[in-house]
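Reader: I've got a model open and I'd like to learn how to read it. Could you take me through it, one feature at a time?

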Amino acid sequence: MTVSIESVEPTPAVTPAGQAGAAAPADSADSAGGGAAGSGARPGEVLRPHAEHAFAAELAALAAQDDRPRPARWRMSPWAVATYLLGGTLPDGTRITPKYVGPRRVVEVAVTTLATDRALLLLGVPGTAKTWVSEHLAAAVSGDSTLLVQGTAGTPEEAIRYGWNYARLLAHGPSRDALVPSPVMRAMAEGMTVRVEELTRVPADVQDTLITILSEKTLPIPELGEETQAVRGFNLIATANDRDRGVNELSSALRRRFNTVVLPLPETAEAEVDIVSRRVDQIGRSLDLPSVPDGVDEIRRVVTVFRELRDGVTADGRTKLKSPSGTLSTAEAISVVTGGLALAAHFGDGVLRAADVAAGVLGAVVRDPAADRVIWQEYLEAVVREREGWKDFYRACREVSA
């Protein structure tokens, strides 16, 4: 039913300027006039520009032609934010590229939530574009997607509340000058949108630090006898999944502070093929990879394999299958095809073939060397071997599986 055009690169640990770039053409950072700001790199050299830099021209065009009411401190109206994510054509002919492929209502509910005092929780299995959507929502609403807390098993409470400059703390004692605000505190003070990625990976006691922030819209600073109150425009987007290992369930008290929007996997194979094709083309251009013609057939085969193993049944519904331990998400399909694109461009004849994607497919499917390898071999022999027009794919997969 839905999914976005998502990349697979990990984000770093807690940082007020966390990675959140959109993989757009390399020259898009130039047009943003600051894609490399603060990084030491020249414009156009940034590997993954932030969304507000990569799509600066689209954001500016939307803001300029947006005459609808805007919530406090929003860069554009909720309608324009939804158009930015879903794509469309503006009255002056400017084309807005889609960042999310799926029902408009899913995006509308997410945007409307941010326009209220309710925080937004994007929930879904790994690879359903939660991070991608949260980044673009923050870029469109606040013009800054870099207020980010990356959730991990080691995320401390200070990452959400605040820390201290210990040199100043020891020299002068607790003071505002010695306090180091977290991205959440900065967003509260400035009326911005902050992102908390992989919230369910954060320890439960640290998660609950958000309860007062989301319910009372205030962050107490007991060491100073002060507090930071959220100003209008502040909101929080969290992402979470319950499929990976190391997940900490959200408490019922914290869940009640969020409006939850579920981002499911694509409903049809053709929709998933379209998503993978679009994203691979974006990534290929950003990495200066030569264009590989007629690659859609191999993309369709990768998507078919992933969907069948993911669903536990062949596309025609005739054969039941065992599912491997991996998620086999759309994001992983994008990664496999991008790797194949690089192989075809640098070590092949420029045409994306089965041999270019076979190793990537094997790596995505076989995560558990014992159980998954058996499932993969059964699928190869019972399904791929007998499928008309797939002999080259079968031979390539057999070769890398040996």
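Author: Let's begin with a term: a nonpolar core is a set of buried Ala, Val, Leu, Ile, Met, Phe, Trp, Tyr and Cys residues joined through side-chain atoms within 4.5 Å. Buried means under 20% relative accessible area, exposed over 50%, and partly exposed in between, with a 1.4 Å probe and protein chains only. Bear in mind that this is a predicted model: local features need pLDDT of at least 70, side-chain atom pairs count only at pLDDT 80 or more, and totals for chains, interfaces and linings use all residues. Residues are numbered from 1 along each chain as its sequence is written, and side-chain values use heavy atoms, with hydrogens and water left out.

Reader: Which residues have the most contacts inside the largest nonpolar core?

Author: In general, nonpolar side chains tend to be buried together in soluble globular proteins. Here the largest core has 39 residues, and V305, F306, V361, W376 and F393 have the most contacts inside it. At least two core residues come from each of α12 (269–286), α13 (296–311), α14 (330–347), α15 (354–365), α16 (371–384) and α17 (391–401). The top contributor is α15, which gives 7 residues. Helices (H or I, at least four residues) and strands (E, at least two) are DSSP runs, numbered from the N terminus.

Reader: And what does F393 touch?

Author: Contact means heavy atoms within 4.5 Å. Leaving out residues up to four places away in sequence, F393 touches E298, R301, V305, A354, V357, V361 and V384.

Reader: At what angle do α13 and α14 cross?

Author: Axes are lines fitted to C-alpha atoms, for helices over the stretch in contact, and angles run from 0 to 180 degrees between N-to-C directions. The axes of α13 and α14 cross at roughly 145 degrees and come within 10 Å. On the α13 side the contact uses I299, V302, F306 and R310, and on the α14 side T330, E332, A333, V336 and V337.

Reader: Now the sheet. What is its strand order?

Author: Two strands pair if DSSP finds at least two bridges between them. This open sheet of 5 strands reads β6-β9-β12-β5-β13, with parallel pairing. Its edges are β6 (148–150) and β13, each pairing on one side only. Ignoring direction, neighbouring strands are turned by 20 degrees against each other on average. Helix α8 (residues 183–190) lies across β6 and β9 (193–197), at about 160 degrees to β9.

Reader: How many bridges join β5 to β13?

Author: There are 5 bridges between β5 and β13 (residues 258–262), and the two run parallel. A119 has F258 as its bridge partner, while L122 has V261. With β12 (residues 235–240), β5 pairs over 4 bridges, again in the parallel sense, and L121 stands opposite A238 there.

Reader: Why is β5 described as largely enclosed?

Author: Because 5 of the 5 residues of β5 (residues 119–123) are buried, the rest of the structure largely encloses this strand. Remember that side chains in a regular strand alternate between the two faces of the sheet. In β5, A119, L121 and L123 are buried on one side, and L120 and L122 on the other, leaving both faces covered.

Reader: How much of the whole chain is buried?

Author: Of the 402 residues, 51% are buried. The chain's secondary structure comes to 17 helices and 13 strands.
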